[in-house]
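Please look through the model below with me.

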Amino acid sequence: MISWGVLAGILFSEDLMETKWFGDLSTFVSINTVAFVTLAVIKTLPKAYLSDWIDRRDRRTETRSIHPDGD
């Protein structure tokens with residue numbers, strides 16, 4: 001017997017959910033969801049710059065400012 005939910009389009013029948021294309025579609029949707037959640041988390045984190053992690057050797061040891069006592 002077909003339930004009211006299937007007729008209203010709210011629920012899928014078992015026959016439809018066991019087809020290959022429905023499994024492929026649900027796999028695509030799940031991978032897409034994980035990808036967008038990852039992108040959203042990355043966007044909320046502060047930016048990381050490579051220069052913060054690696055100290056470069058070509059930095060000046062003396063200041064070249066017009067204020068010699070500056071940083």
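Q: What share of the residues of the protein chain counts as buried, and what does buried mean?
A: Of the 71 residues of the protein chain, 3% count as buried, where buried means under 20% relative accessible area, exposed over 50% and partly exposed in between, with a 1.4 Å probe and protein chains only. This is a predicted model, in which local features need pLDDT of at least 70 and side-chain atom pairs count only at pLDDT 80 or more, whereas totals for chains, interfaces and linings use all residues. Residues are numbered from 1 along each chain as its sequence is written, and side-chain values use heavy atoms, with hydrogens and water left out.

Q: Why is Trp21 called exposed?
A: Trp21 has a relative accessibility of 51%, and the label exposed requires over 50%, so Trp21 counts as exposed.

Q: What makes the contact of Asp24 with Lys20 a salt bridge?
A: A salt bridge is a side-chain nitrogen of Lys or Arg within 4 Å of a carboxyl oxygen of Asp or Glu, and the closest N and O atoms of Asp24 and Lys20 are 3.3 Å apart, so the pair meets the definition. The structure holds 1 salt bridge.

Q: Why are Asp24 and Lys20 separated by about one helical turn?
A: Because they are 4 residues apart in helix 3.

Q: Why is Asp24 called partly exposed, and Lys20 exposed?
A: Asp24 has a relative accessible area of 41%, which lies between the two limits, whereas Lys20, at 61% relative accessibility, counts as exposed.

Definitions and conventions: Helices (H or I, at least four residues) and strands (E, at least two) are DSSP runs, numbered from the N terminus.
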